[in-house]
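Here are my notes on the model you sent, as numbered points. Please read them with the coordinates open.

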Amino acid sequence: MIQNGPHLLDRIPPDLRHLPSVLIYMVGLSSGFALGMVTLLVPLYILHLGYDAAAVGLVVSSQSIFQVPLRFMAGALSDRFGERSVLWLSFSFLALGGAGMMLSTSLWVIFPLQIIIGIARSIYWTPSQSYASRSYGANPGIAIGRQVSFEAMGQMSGAAAAGFAVVAFGYSTAFGIGAWLAVAGAVVVTLMPRLARKEAPRTIRASLAPIPGLLRNRTLHLAGVIAFVSATAISLQGSVYPVFLKEVGYDEAGIGVLRAVNSVGTMVVAFIFGVIVANFGQRRLMGFSLALIGGLVVLSTLTAETLWVSILVFLVMGIIYANLRSLYPTMGAQNSSPEQRGMAISVVGMYWGVAQLIIPVTFGFIAKYLGAAESLWIAAGLFIILSLLTPLLFHLLGPQPPASSAEPAGEA
C-alpha cells in the first residue's frame, strides 16, 4: 500500500494538485451555484408577478447595459491590481443584488437590482478566466476548460436548488440562499494566492494601453464571434426557455431540473475540453457544435411535453454548448501574453456582453408576438447558418497554420 501511494497520486492531473488552480475552480463552483440560482429565479419571478415574455427579455437584457465597458475595466483592474480584488467585488455585487431581490415586488425595483447583478457578472469572467489561464501556464486550455466544468457543476446545483427552493420556501428565501452563496464565494477568493507577473502595468492607463493592438488581432475577434454565439445560447436558457417551458406546463421545479441537466453536460465535457479540442481542432469543433445546437433547439420544442426526452435533449445540448463555452477564452489566452491576458479576454468578452444585451430583449419580443417556440426556431436557424459560415470565418480571421503542417495541427 505504501508503495502504491505516490503512484496513485501521480494519476491526479497536475492542475488538480496545484493550489491556485484548485482554488479558482472552487471560485468557479461558488459563482456557478450563486449565479445558477439567481439567473433562473429572475425570469421565473417576473412571470410569477404576471408579466409577459417581452418584460422577461427586457429585465434579463438590462443586466448587460454596462457589460462591455465593465469588461475592459475589469481587464485593466485585473492586470493592474490582480484578479483577486476584482473577483471579490464581483461576489459582493452578486450578494447585494440577490439580497435586494428578496424584498422586491415591483418591476422598477427589479430593474436596478438586475443591473447590480449584471455588474457582478460583467466583472467576473475576465479575472476568473485570466487567473485560471495563468494558474496553469503549461496548458491554459485545460485550466479554463476545468474551470468551466466547475462553474457548470455549480450552475447545475444552483438551478436545481432554485427550483425546489421556490416550491418549498418561496422566492424570497430562494434569493436569500443565492446571496449567501455569493458571500461564500468571496471567502474563497480571499484564500487565493497572488500570481506574479513579469511586467505588471503600474497604472490603469498602462493597463488600457494594449487595447488598440489587441483590437487589431483578428483571432481575438474570431474568439469573440464564438463568445457571441455562446452567450446567445445561454441567454435563451435564461429568457425564452423559461417562458416556453411555462407555456408547455412545467413548474419551477421542473424548469430547474432541465436547467440543471443542461449544466451536467457542460460540466462533463468542459472537464476534458483539452482532449476534445486536441482531437477535433478548433474549426471543426465550432462548426459542428453550432449545427448541433441549432438542431437540438428545434428538437427541444418538438419534444418538450415528454419529460424524459426533454431531459435527454437538454443534457446533449449542454454537452455541445460546453465546447463553445470553453473554446473562446482558450483562444483568447492562446493569442495573448500573460501580462495582457486580462485585457485580451476583455476584448473577446465584449462580444459576450453585446449578445447578453441584445439577445434576450430581441427574442423576448419575438416570443411575445410570434410565440416562444417560433422564437427558438429562429435562433436555431441562425446557429445553423453560422455553422455553415465557420470555414469562411476561420479563413478570414483564424490563425494561419504553417504551410507544411496539416489542418488539425494548425487548429489545435
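1. Q129 touches I144, Q147, R325, Y328, P329 and I345, leaving out residues up to four places away in sequence; contact here means heavy atoms within 4.5 Å. Q129 sits in helix 6, which covers residues 107-135. With a relative accessibility of 1%, Q129 counts as buried. The classes are buried for under 20% relative accessible area, exposed for over 50% and partly exposed in between, using a 1.4 Å probe and protein chains only.

2. A word on the basis of these notes. This is a predicted model, in which local features need pLDDT of at least 70 and side-chain atom pairs count only at pLDDT 80 or more, while totals for chains, interfaces and linings use all residues. Residues are numbered from 1 along each chain as its sequence is written, and side-chain values use heavy atoms, with hydrogens and water left out. Helices are DSSP runs of H or I with at least four residues, numbered from the N terminus.

3. Helix 6 packs against helix 2 at an angle of about 160°, and their axes are 11 Å apart. The axes are lines fitted to C-alpha atoms over the stretch in contact, and the angle, on a scale from 0 to 180 degrees, is taken between N-to-C directions. Helix 2 is therefore roughly antiparallel to helix 6, a label for angles over 145 degrees. The crossing is left-handed, meaning that the near helix is turned anticlockwise from the far one by less than a right angle.

4. Which residues of helix 2 and helix 6 make the contact? Helix 2 contributes P20, S21, I24, V27, G28, S31, L35, V38, T39, V42, Y45 and I46. From helix 6 come L107, I110, Q114, I117, R121, Y124, W125, S128, Y131, A132 and S135. By class, the contact has 15 nonpolar, seven polar and one charged residues. In this count Ala, Val, Leu, Ile, Met, Phe, Trp, Tyr, Cys and Pro are nonpolar, Asp, Glu, Lys and Arg are charged, and the others, Gly among them, are polar.

5. The largest nonpolar core has 123 residues, and L236 and M286 have the most contacts inside it. Such a core is a set of buried Ala, Val, Leu, Ile, Met, Phe, Trp, Tyr and Cys residues joined through side-chain atoms within 4.5 Å. Helix 2, residues 19-48, gives the most to this core, with 15 residues. Beyond its neighbours within four places in sequence, M286 is in contact with V225, I226, L324, L327, T390, L393 and F394.

6. S62 belongs to helix 3, residues 53-62, and is buried at 5% relative accessibility. Apart from residues up to four places away in sequence, S62 touches F111, Q114 and I115.

7. M156 is in helix 7, residues 140-169.

8. P338, in the loop between helix 16 and helix 17 (341-370), is partly exposed at 41%. The C-alpha atoms of P338 and D79 are separated by 9.2 Å, although these residues are 259 apart along the chain.

Methods. Helix = DSSP H or I, 4+ residues; strand = E, 2+ residues; numbered from the N terminus. Parallel < 35°, antiparallel > 145°, perpendicular 65-115°, else oblique.
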